[in-house]
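Biologist: Can we go through the helix packing and the pocket in this one? Put the model up first, please.
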Amino acid sequence: MVAVTGERPVSAVEFRPVPWIAIAWFAILIVVVYFPVLHRLINIWSSDEDMGHGFFVPVVAGFVVWQRRERLLSIHWKPAWWGIGVILLGIAESYVGTIGAEQFLQTSAVLVTLLGVLLTCGGVALVRELAFPLLLLPFMIPLPALIYNKITLPLQFFASWVAENVLNFVDIPTIRDGNVLELPQQKLNVAEACSGIRSLLSLTFLSLVYTYFFDRRVWMRVTLFIATVPIAILANAARVTITGIISEKIDPSLAHGFSHTVEGWLIFLVALGMLIALHAILNRFFKDSKPVEGEHA
């Protein structure tokens with residue numbers, strides 16, 4: 001005889017009603033209202049090499065949301081009407097950004113408005129469930145000019161300083177003037193594109209995605225995220241140094257154009273490999289701290 005306890009099986013999932021009409025309505029409004037901003041953002045992704053990874057951000061975030069669809073359908077969608085205030089805040093931010101011609105305010109206003117829509121439609125529980133994909137979305141927005149300049153200049157100086165010392169060590173006479181390297185056959189200008197900010201932004205985004213899919217431990221995710229900073233900086237310094245060596249020993253034209261771009265991609269792949277290698281090393285030393293299967297990611 002089978003005893004009836006009245007309890008539902010643990011594996012059963014109760015799907016709750018989702019306000020699809022409200023979601024569709026708000027989605028259309030966001031696209032219509034922010035179309036000029038979204039169009040400009042796509043142009044930035046296609047023209048600014050520092051933001052080339054922007055195309056992948058919404059795709060990856062959307063994939064994560066799709067993976068969590070059962071959990072999203074099973075949570076209790078309880079509208080938080082104060083989310084309307086967040087929507088109005090996003091609209092106000094967009095207005096201020098438009099008046100002041102501030103690109104960051106205009107683009108980030110889209111995310112603030114999206115957050116308000118999610119709160120209004122599904123409440124705090126929905127936003128909590130979507131925390132990780134929402135965390136990824138700011139990576140598709142260019143940094144404010146003030147912060148960008150504050151970061152790139154020290155990185156340029158560091159990369160040129162490392163290159164100067166290494167080139168002199170390998171018997172290539174080098175004199176550094178700020179971020180300009182004077183070599184026997186040429187001058188190398190460590191421009192903003194060579195500062196390392198490009199690989200830093202892309203690598204931090206990839207570290208979050210990589211650890212999300214391959215490691216659930218919070219401390220590991222934080223460690224690898226922090227590690228992307230020195231890895232990206234050192235990798236870029238190596239790129240400038242290798243450019244100086246190759247262009248002096250082989251052909252000065254290799255410091256520019258297509259070959260320089262390819263070299264940048266190769267160095268980025270090396271940096272990504274270093275991040276994965278660090279993960280493997282940490283796993284070897286802390287293999288007993290892996291979470292139990294089925295633990296919430």
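Modeller: Before the angles: axes are lines fitted to C-alpha atoms, for helices over the stretch in contact, and angles run from 0 to 180 degrees between N-to-C directions. Helices (H or I, at least four residues) are DSSP runs, numbered from the N terminus. The model is predicted, so local features need pLDDT of at least 70 and side-chain atom pairs pLDDT 80 or more, while totals for chains, interfaces and linings use all residues. Residues are numbered from 1 along each chain as its sequence is written, and side-chain values use heavy atoms, with hydrogens and water left out.

Biologist: Ok. At what angle do α2 and α6 cross?

Modeller: Roughly 110 degrees, and the axes of α2 and α6 come within 10 Å. That makes α2 roughly perpendicular to α6 (angles under 35 degrees count as roughly parallel, over 145 as roughly antiparallel, 65 to 115 as roughly perpendicular and the rest as oblique).

Biologist: Left-handed or right-handed?

Modeller: The crossing of α2 with α6 is left-handed, meaning that the near helix is turned anticlockwise from the far one by less than a right angle; clockwise would be right-handed.

Biologist: Which residues make the contact?

Modeller: From α2, Val37, Leu38, Arg40, Leu41 and Ile44; from α6, Gln103, Gln106, Thr107 and Val110. Contact means heavy atoms within 4.5 Å. By class, the contact of α2 with α6 has five nonpolar, three polar and one charged residues. Here Ala, Val, Leu, Ile, Met, Phe, Trp, Tyr, Cys and Pro count as nonpolar, Asp, Glu, Lys and Arg as charged, and the others, Gly among them, as polar.

Biologist: And how does α1 pack on α6?

Modeller: Helix α1 (residues 20-33) and helix α6 (residues 103-129) pack at about 165 degrees, with their axes 10 Å apart. That makes α1 roughly antiparallel to α6. Their crossing is right-handed. Ala22, Ile23, Phe26 and Ile30 are the α1 side of the contact, and α6 gives Val110, Thr113, Leu114, Val117, Thr120 and Cys121.

Biologist: What about α1 and α2?

Modeller: Their axes come within 4 Å and cross at roughly 70 degrees, so α1 and α2 are roughly perpendicular to each other. Ile30, Val31, Val32 and Val33 in α1 meet Phe35, Pro36 and Leu38 in α2.

Biologist: Switching to the largest pocket. How much space lies in it?

Modeller: About 920 Å³. A pocket is an open set of points on a 1 Å grid over the protein atoms alone, where a 1.4 Å probe fits, with protein on both sides within 12 Å along at least five of seven lines; lining residues have an atom within 4 Å of a point. Grid points are joined across faces, edges and corners, and the volume is the space filled by probe spheres set on the points.

Biologist: What lines it?

Modeller: The largest pocket has 34 lining residues, with Val65, Leu114, Leu118, Leu134 and Leu137 nearest its centre. The largest share, eight residues, comes from α6.

Conventions
Helices (H or I, at least four residues) and strands (E, at least two) are DSSP runs, numbered from the N terminus.
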